Amino acid sequence: MRLYPNKGQAAAIERFFGCARFVHNRFVDENAKLLSAGKRIESEFDMDYELVATKEENPWLSECDSTSLTAEAKNVTEAYRKYLSKQGGKPRFSSKKSSAQSYASQCVNGNIRIIDERHIR
């Protein structure tokens, strides 16, 4: 589905991209440090638990949808799983300058509704 957000919605989506990128890069960095030290990388559960502390350190992360941040933890976990099983390359940092910005969310308690083919609430 192609979205055509207004200016306010576009600004919110850009903030969500930034929050997801921040969490992704933080977890990639932490797992890279653990891996280089010869320690076990964090599990998805560990990252979700750490996400609470990260939100307390960075209160602006609370503006973002929490399901998108947990999805980033899952993405990093999956990327390292593939890397360690030799099915993929080493996970990389997300760049703000990349043309492919992504943001994943889940429908929880009706927070996302498709009104018609041109409108989402």
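**Figure 1. Serine 68, a buried residue of helix 3.** Serine 68 has a relative accessible area of 1%, so it counts as buried (under 20% relative accessible area, with exposed over 50% and partly exposed in between; 1.4 Å probe, protein chains only). The residue is found in helix 3. Helices are DSSP runs of H or I with at least four residues, numbered from the N terminus. The side chain of serine 68 reaches the backbone oxygen of aspartate 65 at 2.7 Å. A polar contact is a pair of N or O atoms within 3.5 Å; within protein, one must be able to donate a hydrogen and the other to accept it, and residues adjacent in sequence count only if both atoms are side-chain atoms. This is a predicted model: local features need pLDDT of at least 70, side-chain atom pairs count only at pLDDT 80 or more, and totals for chains, interfaces and linings use all residues. Residues are numbered from 1 along each chain as its sequence is written, and side-chain values use heavy atoms, without hydrogens or water.

**Figure 2. Helix 1 and its ends.** Helix 1 has 30 residues. From first C-alpha to last, helix 1 reaches 43 Å, close to the 44 Å expected at 1.5 Å a residue. The expected span is 1.5 Å times one less than the number of residues. Asparagine 6 caps the N-terminal end of helix 1. A side-chain oxygen of asparagine 6 lies 3.2 Å from the backbone nitrogen of glycine 8. Glycine 38 follows helix 1, with a positive phi near 80°.

**Figure 3. Packing of helix 1 on helix 3.** Helix 1 (residues 7–36) and helix 3 (residues 66–84) pack at about 35°, with axes 9 Å apart. Axes are lines fitted to C-alpha atoms over the stretch in contact, and angles run from 0 to 180 degrees between N-to-C directions. Residues of helix 1 that meet helix 3 include Cys19, Val23, Phe27 and Leu35. Helix 3 contributes Leu69, Val76 and Tyr80, among others. Contact means heavy atoms within 4.5 Å.

**Figure 4. Asparagine 25 in helix 1.** Asparagine 25 is buried, at 19% relative accessibility. Leaving aside neighbours within four places in sequence, asparagine 25 is in contact with Phe93 and Ser94.

**Figure 5. Helix 2 and its buried residues.** The buried residues of helix 2 are Met47, Glu50, Leu51 and Thr54. Their cover includes helix 1 and helix 3. Helix 2 (residues 44–57) has 14 residues and should span 20 Å. Its end C-alpha atoms are 20 Å apart, in agreement.

Technical notes: Helix = DSSP H or I, 4+ residues; strand = E, 2+ residues; numbered from the N terminus.
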